[in-house]
Amino acid sequence: MAERGHGTYIDIPVQYGEGVIVAGPGQTIRKVIVCRPEDGGGGAAVPEHIVAERDSVTELCIAVLPGVNADFPIAVDITGSGASVRISGFYICGADESVKFCIRVNHRCPGSVSEQLFKGIAGGVSSVSFDGCITVAPGADGTEAFQECHNILVSDEARVRIEPQLEIYADDVKCSHGATTGRLGEEELFYMRSRGIPDTEARVLRIISFLSPVIAFAGTEGEGLAAEAEAAVRRVVGGNV
Amino acid sequence: MDGILLKINGLHASIGGREIIRGLDLEIRAGEVHAVMGPNGAGKSTLSAVLAGKPDYTVTAGTVEFMGRDLLAMSPEERSWAGLFLSFQYPVEIPGVSMVNFMKTAVNAHRKAAGLGPVKASEFLGMMREKMAFVQMKDEFTKREVNVGFSGGEKKRNEIFQMAMLDPVLSILDETDSGLDVDALRIVAEGVNAMRGPEKAAIVITHYQRLLDYIVPDVVHVLKEGRIVHTAGKELVAEIEEKGYDHF
């Protein structure tokens with residue numbers, strides 16, 4: 001296994017198991033998956049393995065609404081130059097949910113792009129964990145790989161654990177990761193209230209704005225998702241989950 | 001109501017157990033602009049924070065009536081709906097929230113409190129544009145996140161813009177002149193002056209004479225050690241500038 005800082009790259013060939021999604025040369029795949037408790041969580045639709053071949057475009061957006069327990073391991077193998085993979089998601093937890101993402105992106109060839117953007121709200125006694133590992137293989141020069149995971153805690157008991165990891169074995173790459181977990185600022189809330197925005201509205205506005213880049217990414221397939229997310233945020237902020 | 005908008009009686013307020021306001025009395029009538037001047041640490045910003053209802057401050061004694069209502073019993077949003085506006089000394093950045101969204105939410109909250117339905121989109125945008133021109137803000141301003149990446153001058157102009165949008169009865173300008181260059185100062189002052197009227201009043205809190213060259217006050221107070229120690233007409237500004245605060 002590779003160790004941080006001075007690892008050795010071990011080349012394990014791509015395994016094409018059951019349920020693998022392959023974005024063939026030049027192909028575009030877009031998937032928006034909304035996980036609602038009434039659909040049994042909807043997690044079955046989330047692919048465990050994606051292979052991105054030459055010049056393909058893969059866009060995956062996962063929305064996890066309150067009341068869903070989720071455990072999503074997703075492995076991404078980028079095998080062809082010019083491929084791009086965007087995975088984004090948001091989760092809204094307000095009760096005792098457990099939401100886990102474990103995303104492994106392997107850049108196996110030169111000149112490909114991956115982007116991950118995850119945003120979440122953790123309230124109640126929920127727990128969120130996000131493991132994200134980006135590996136850039138030897139010779140995979142020109143790779144651009146970005147990973148962001150940002151969270152807002154809305155209760156004292158909720159827990160968020162984020163573990164970003166970069167393993168880079170090529171020289172000419174652009175890679176970054178960002179991870180934050182914080183609370184809504186009291187100064188911000190007072191500022192909004194001083195303009196006549198009620199406390200609850202101020203919190204909802206701030207959280208929806210925080211999630212909106214991911215909601216926007218869901219695009220047309222996500223129609224109605226914005227309203228659904230807003231209603232969910234309202235329930236979590238109001239403690240009615 | 002004999003024209004009295006704000007009546008502060010024997011106000012004491014503290015933060016973190018430290019008393020900052022120590023027996024403050026102040027009366028403001030409709031149509032008046034009052035300047036509150038004082039040295040650093042006199043309690044100027046505490047006064048504005050207490051009037052706006054900032055949660056960190058505790059009022060330990062005294063009363064504040066705003067248009068006949070008990071201001072201290074009202075939440076910050078209720079104070080805003082009632083017509084009170086605070087222009088912040090340090091406007092707060094709200095990442096992710098666009099100006100247009102922020103203002104629309106604020107305006108609609110005011111309308112809801114007044115028993116009105118939400119404002120029409122076209123009407124609202126017209127109103128935004130008009131008030132933006134008022135403080136010389138560019139069109140892109142509507143899409144920017146509230147105060148994020150704004151220069152010092154833009155932040156203060158944004159405060160005056162919001163004031164114009166919400167059309168308050170009593171405006172409190174907390175050191176609105178700090179960090180402003182002459183041009184921004186003039187824009188801000190013109191904005192404030194345009195909003196003067198027989199039904200309205202303003203409290204201009206400042207260290208320096210500068211802003212008061214543009215916004216000429218009716219009454220000037222010296223605030224020191226948490227109390228108003230001297231009150232006079234606009235001629236007091238020049239006296240303070242000449243002699244400082246020590247002899248009050």
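Q: Which residues touch the most other members of the largest nonpolar core?
A: They are A63(A), V64(A), I92(A), I121(A), V233(A) and V204(B), in a core of 134 residues. A nonpolar core is a set of buried Ala, Val, Leu, Ile, Met, Phe, Trp, Tyr and Cys residues joined through C-beta atoms within 7 Å. Helix α2 (residues 199–218) of chain A gives the most to this core, nine residues; helices are DSSP runs of H or I, at least four residues.

The model is predicted: local features need pLDDT of at least 70 and side-chain atom pairs 80 or more, while totals for chains, interfaces and linings use all residues. Residues are numbered from 1 along each chain as its sequence is written, with chains lettered from A and ligands numbered from 1 in the order in which they are written.

Q: What makes helix α1 (residues 44–52) of chain B largely enclosed by the rest of the structure?
A: Eight of its nine residues are buried, so the helix is largely enclosed. Buried means that 20 or more other C-beta atoms lie within 10 Å of the residue's own, placed from the backbone (exposed: 12 or fewer; partly exposed: in between). Those buried include K44(B), T46(B) and L47(B).

Q: How are α2(A) and helix α3 (residues 225–237) of chain A packed?
A: Their axes, lines fitted to C-alpha atoms over the stretch in contact, lie 9 Å apart at an angle of about 145°; angles run from 0 to 180 degrees between N-to-C directions.

Q: Which residues of α3(A) make the contact?
A: They are L225(A), A226(A), A229(A), E230(A), V233(A), R234(A) and V237(A). Contact requires C-beta atoms, placed from the backbone, within 7 Å.

Conventions:
Helices (H or I, at least four residues) and strands (E, at least two) are DSSP runs, numbered from the N terminus. Two residues are in contact if their C-beta atoms, placed from the backbone, lie within 7 Å.
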